[in-house]
Amino acid sequence: TIALTINPIDAQILVDNRNQGTGSRILALIAKPHNISVQKEGYETKILTVTPRPGHEQALSVNLLTVEQAYWASRPPMVKSSVGSSLKLFRPDHSFTMGAPRRQPGRRANEAERSVSLQRPFYLATKEISNAEFRRWKASHSSSAIGGKSLDMDLQPVAKVSWEDAAGFCNWLSKRDGLPPFYRLEAGMINGFNWDSHGYRLPTEAEWAWAAKIDANSKSTTFPWVNGLYPPVEITDNYADQSASRLLSFTIANYNDKSPVSAPVGSFKPNNKGLYNMSGNVAEWVNDYYDVRPRRGDAIQDPTGPTTGTRYVIRGASWALGSRTELRLSYRDAGVDGRLDVGFRIARYVDSPGAKP
């Protein structure tokens, strides 16, 4: 006999495709292999093969997962690329406001507020791409130096990379890891995006903003440090500090993170989502074309930015930035070409758009 306990209790039991009813029960079966199926609409079916032993009662317990639970159980909370980058799974479950209020000190005209909802789950790298990782693709790349201070050490974040090169690295890594490329190429140049792809890419600006500025209570924060006042008191990240005073025309008074240029990726404490250097070290390319954002309205679902443009959005502060305006998590810049204090981190979608469990 088989003592079968099931959850949920009204799931249906089939033995060798014959209906045995619902609910936990004792099954009297002859001593040969049997297929036991436990199923219920909205749950993932569980099929077991058992062989009863004469004179012995066997106990089996079956807990069905809902289709959604089974779907997410197969999506690991962390994945790792073949160059060593760790990416964390995010499933935002609320809308949030991008941009900054009009009266926020330091606010710029390109930070108009709008409501955004992220419905499509995504992975985001916990650290910026390092020189060593980037040189797996372009061995000759140099992030250069400034004032005798190297930006080119293996563990420092890659810098002096154009948006095009950052996107090209993503396509190379997708091919290396057997994922569909996100960026479309024509004559060796990127000319579009494949939004159905779950290959590596740069994060959208909305993803980056949510990951950087929305706290554990789903509230928007102005700065990454606790008291929200400028200048920072506690050492939070790598900004234009006193150790860089010989390199930069402006540095933060009474702030010394002891890194005059970029620090190794993963330095300093992670934010509330477990992501490092979202507010400093190097500023970061994101995927969106740059424009001045529209005003607040109905929540925009999974925005991907303008369809055309001549420049791309840069988010976050860096080792070379330190003003009130620049250290705010809503700060936006734009460009195309490489800069000594701009790098990137990678992202990827979990599934194709609209994928259902």
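Predicted model: local features only at pLDDT ≥ 70, side-chain atom pairs only at ≥ 80, totals over all residues.
Residues are numbered from 1 along each chain as its sequence is written, and side-chain values use heavy atoms, with hydrogens and water left out. Local features need pLDDT of at least 70 and side-chain atom pairs count only at pLDDT 80 or more, while totals for chains, interfaces and linings use all residues.

Helices (H or I, at least four residues) and strands (E, at least two) are DSSP runs, numbered from the N terminus. An open sheet of mixed pairing is formed by three strands in the order E10-E11-E18, where pairing requires at least two DSSP bridges between two strands. Strands E10 (95–98) and E18 (300–301) are the edges, each pairing on one side only. Strand E11 (residues 114–117) runs parallel to E18 and is joined to E18 by two bridges; Val116 stands opposite Ile300 in E18.

Helix H4 (residues 205–213) lies across E10 and E11, at about 100° to E10. Axes are lines fitted to C-alpha atoms, for helices over the stretch in contact (heavy atoms within 4.5 Å), and angles run from 0 to 180 degrees between N-to-C directions. Nine of the nine residues of H4 are buried (under 20% relative accessible area, 1.4 Å probe, protein chains only). Among them are Trp208, Trp210 and the charged residues Glu205, Glu207 and Lys213.

A cavity is a set of points, on a 1 Å grid over the protein atoms alone, where a 1.4 Å probe fits but cannot get out; points are joined across faces, edges and corners, and the volume is the space filled by probe spheres set on them. The lining residues (an atom within 4 Å of a point) are Ser279, Gly316, Ala317, Glu326, Leu327, Arg328 and Leu329.

How values were computed: 1 Å grid on protein atoms, 1.4 Å probe; cavity = no way out; pocket = protein on both sides within 12 Å on 5 of 7 lines; lining within 4 Å. Buried < 20%, exposed > 50% of the residue type's maximum accessible area, 1.4 Å probe, protein only.
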